[in-house]
Amino acid sequence: MTRVLAVSTAFPPHRYMQHEITEDLVSGLPPGPDRELVRRLHAATGVESRRLALPLDRYRDLGTFGDSNRLFVERAVALGAEAVEQALHDAGVRPEAVDLVVSTTVTGIATPSLEARLAARIGLRPDVRRTPLFGLGCSAGAAGLARVHDFLDGRPGGTALLLSTELCSLTLQRSDLSVANLVAGGLFGDGAAALVAVGGDGSGADDAPVRSSVPGVVATRSRLYPGTGHLLGWDVGDWGFRMVLGPELPELVRLHVAEEVESFLAVHDLKPGDVGAWICHPGGPKILDALADGLGLPAAALAPSRRALAAYGNLSSASVLQILKDVQSDPPPPGTTGLVLAFGPGFSSELVLLAW
């Protein structure tokens with residue numbers, strides 16, 4: 001069984017309350033109804049504060065997509081290295097012990113990819129296997145953990161690293177007044193997360209036994225929902241990344257994703273009520289409400305996701321790792337079942353069953 005030894009996060013130093021970000025965006029609009037629409041949409045996101053890659057007053061001076069992307073590469077490498085170094089330290093794993101790095105982002109383009117750029121900086125082996133992921137969006141944190149599990153399954157001596165780095169603020173289109181972009185401007189934040197895992201129940205942390213309080217991966221499932229590809233993603237052009245966000249998503253989650261979760265759990269003789277730790281991507285209050293309604297969950301079940309949304313905003317693929325870190329800071333009792341659940345473009349869902 002794959003064991004998750006440690007999860008860490010790293011955030012830019014620029015923290016702002018939601019109303020500060022809202023009023024900065026509003027100040028760039030002409031007087032009229034659009035200003036009040038921005039305020040209403042931002043107030044409904046459930047976000048109280050966010051971390052941003054740049055000081056708030058720098059965003060008005062951003063030029064082309066190329067300018068934004070150069071900043072993405074620079075800041076993402078630094079933030080990713082910070083998250084990885086902390087995760088390796090917390091896990092007690094030497095950088096040269098890592099056999100595989102899975103890295104994910106959907107908020108910038110880097111070739112060489114981010115994990116290649118920071119490999120020498122953090123001391124990874126030159127022959128480390130690398131799997132960079134792009135395009136999975138918010139589901140990539142869960143999908144990345146699933147791919148780590150695929151690699152480690154049957155490799156009791158293997159060690160893998162997962163890195164998620166998302167600088168969502170650098171994708172914002174200030175001149176785009178579509179509802180999708182206005183919602184995105186009030187919902188997404190910046191941050192990085194890293195996870196260290198080992199295969200089997202043996203050693204991985206400087207030959208020390210794996211702690212019993214860490215979660216193990218039991219099973220995973222990926223699902224594409226046909227006919228929904230137009231509902232979530234990027235519209236890519238000279239301007240960079242423009243948000244595509246269909247209003248049908250909460251209903252899709254309520255009807256189809258909830259059914260998918262029940263089906264996945266049933267394979268393992270489980271029901272939603274048997275899950276003691278929900279690590280659910282905080283796509284927004286409507287998404288969380290729809291999932292809770294579809295699965296009949298009590299309010300406390302998704303409280304970690306709502307707290308993460310309030311404190312950091314939606315971190316795209318890094319969000320579920322942030323929530324897993326929070327859950328692991330006070331580990332559930334042995335025998336607890338956990339479920340990592342995230343959604344992304346496709347429209348798709350990723351499920352990872354955990355056991356403490």
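This is a predicted model: local features need pLDDT of at least 70, side-chain atom pairs count only at pLDDT 80 or more; totals for chains, interfaces and linings use all residues.
Residues are numbered from 1 along each chain as its sequence is written, and side-chain values use heavy atoms, with hydrogens and water left out.

Let me turn to the sheet. Nine strands make up an open sheet with mixed pairing, in the order β5-β4-β6-β7-β1-β10-β15-β14-β13, where two strands count as paired if DSSP finds at least two bridges between them. At the edges stand β5, residues 129-134, and β13, residues 275-280, each of which pairs on one side only. Neighbouring strands are turned against each other by 25° on average, direction ignored; the axes behind such angles are lines fitted to C-alpha atoms, for helices over the stretch in contact, and the angles run from 0 to 180 degrees between N-to-C directions. Within the sheet, β6 (residues 159-167) and β7 (residues 190-198) run antiparallel and are joined by nine bridges, and Leu162 stands opposite Leu195 in β7.

Which helix packs on the sheet with a direction about 165° from that of β6? That is α5, residues 140-152, and the strands it touches include β1, β4 and β10, contact meaning heavy atoms within 4.5 Å. Helix α10, residues 319-328, lies across β1, β6, β7, β13, β14 and β15, and runs at about 145° to β13.

In α1, residues 18-27, the buried residues are Gln18, Ile21, Thr22, Asp24, Leu25 and Val26, and they pack against β2, α2, β3 and α6. In α4 the buried residues are Leu114, Glu115, Leu118, Ala119 and Ile122. They cover an arc of only 135° around the axis, so they sit on the same side of α4, the arc being that of the directions from the helix axis to the C-beta atoms. Their cover includes α3, β4, β5 and β6, and just after α4 comes Gly123, with a positive phi of about 90°.

Finally, some backbone details. Most residues other than glycine have a negative phi, and most peptide bonds are trans. The bond from Thr111 to Pro112, however, is cis, with omega near 5°, and Pro112 is found in the loop between β4 and α4. Asp269 has a positive phi near 60° and belongs to the loop between α7 and β13; Ser316 has a positive phi near 55° and is placed in the loop between α9 and α10. Are these two residues buried or exposed? Asp269 is exposed, with a relative accessible area of 70%, whereas Ser316 is buried, at 2%.

Key: Helices (H or I, at least four residues) and strands (E, at least two) are DSSP runs, numbered from the N terminus. Buried means under 20% relative accessible area, exposed over 50%, partly exposed in between (1.4 Å probe, protein chains only).
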